[in-house]
Amino acid sequence: MFHRLIALSLALTASTALATEPPPAANGADEARPKQLLLISFDGAHDNRLWARSRALAERTGAHFTYFLSCTTLIPRARAEDYKAPGMKSGRSNIGFAQDAEEVSVRLDHIWKARTEGHEIASHTCGHFDGKDWSKAEWLKEFKAFDRVLLNAWKDNGLADREPEGWADFVENDITGFRAPYLSAPDSLFEAEREHGFRYDASIVTHDPELPADDKGLARFGLPLIPEGPKERRIIAMDYNLFIRHSAGIDHPSEGDEFAERSYRAFRKAFDRQYEGERIPLQIGLHFVTMNGSAYWAAMERLVAEVCPRPDVACVTYAEALDMLENRNAGKAAPGAM
């Protein structure tokens, strides 16, 4: 289960060399600069061990994360027929289903505890299908399936007596963001997101870190292309893309330390460039899968431990970042951006 991941391998050439030490502030001018925002997100949010690992990291560093949840992870395999994706037979899912209700129970506990700790739960739909050809109505059907599964997750798994007070309000009002599987984002998706009431989308890719663009009331965040490796070729700031580049998608845990170092250097240079420059938010995406001996998680954890405790850095969720950006002086934002 969960062997098929986001596959969007995009590489452009670049030769930008970035400094690793911030310049000294002049006459206290740096004090007026906005905090550097770092947005770490996790697609799928299924492996309970990685739920525990990410929450422990957040507790050590003060970071808040966004978890883009796939709802079939809350449906045991025995009830797979309860889910039907647009254009698919009932019981189909590209990432499988939970093994049993006990596994779901542990996952639900993580979801609720993470929410109470300040993390964000957002939507990654249910069965991780590529919706590039879906109509607006089909996207809305998938959004409704996600809402239904999450709203009834405790009851449907025989855990009604354990459902936290406030769960229904959380599902109905706190799921405000979305990322499309495979970063596949047709115009019909954005139309459906607006109608469904999402506040932001995080499915696109941008050449550099950019402020989210306001698209008719929907904030659109884009994962950036960052320089990586000896030739500093650009790559999407996401673990799966690094996995494809480093080892052609074949797991090589014996080389994990090398891949972790390469990834850390790419993440850190991308962070430093913004921290020392315009302080545009930096986004880094991961999955709840430990590829190449956990190389990409290790790189992310090293970065988070180093920069998130800084007083002029805020490691926040997408929803928190949007709040902070909206509160900044509008005159400092680029035209058409927040």
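Numbering the bonded cysteines of this protein in sequence order gives the pairing 1-2, 3-4. Please bear in mind that the model is predicted. The count comes to two disulfides, and I shall take them in turn.

The disulfide between Cys 71 and Cys 126 has an S to S distance of 1.9 Å. It links distant parts of the chain, with the two cysteines 55 residues apart. Cys 71 sits in the loop between β3 (66-69) and α2 (101-116), while Cys 126 sits in the loop between β4 (120-123) and α3 (136-151). The torsion about this S-S bond is about 105°, so the disulfide is right-handed. Are these cysteines buried or exposed? Cys 71 has a relative accessibility of 0% and therefore counts as buried; Cys 126, also at 0%, is buried.

Cys 308 and Cys 315 form the other disulfide, again with S to S 1.9 Å. Here the torsion is about -95°, so the disulfide is left-handed. Cys 308 counts as buried at 8% relative accessibility, and Cys 315 counts as buried at 6%.

I turn now to the cavities. By class, the lining of the second largest cavity comprises six nonpolar, one polar and three charged residues.

Note on methods:
Residues numbered from 1 in each chain as written. Predicted model: local features only at pLDDT ≥ 70, side-chain atom pairs only at ≥ 80, totals over all residues. Heavy atoms only, no water. Nonpolar A, V, L, I, M, F, W, Y, C, P; charged D, E, K, R; others polar. Disulfide = S-S within 2.5 Å. Helix = DSSP H or I, 4+ residues; strand = E, 2+ residues; numbered from the N terminus. Buried < 20%, exposed > 50% of the residue type's maximum accessible area, 1.4 Å probe, protein only.
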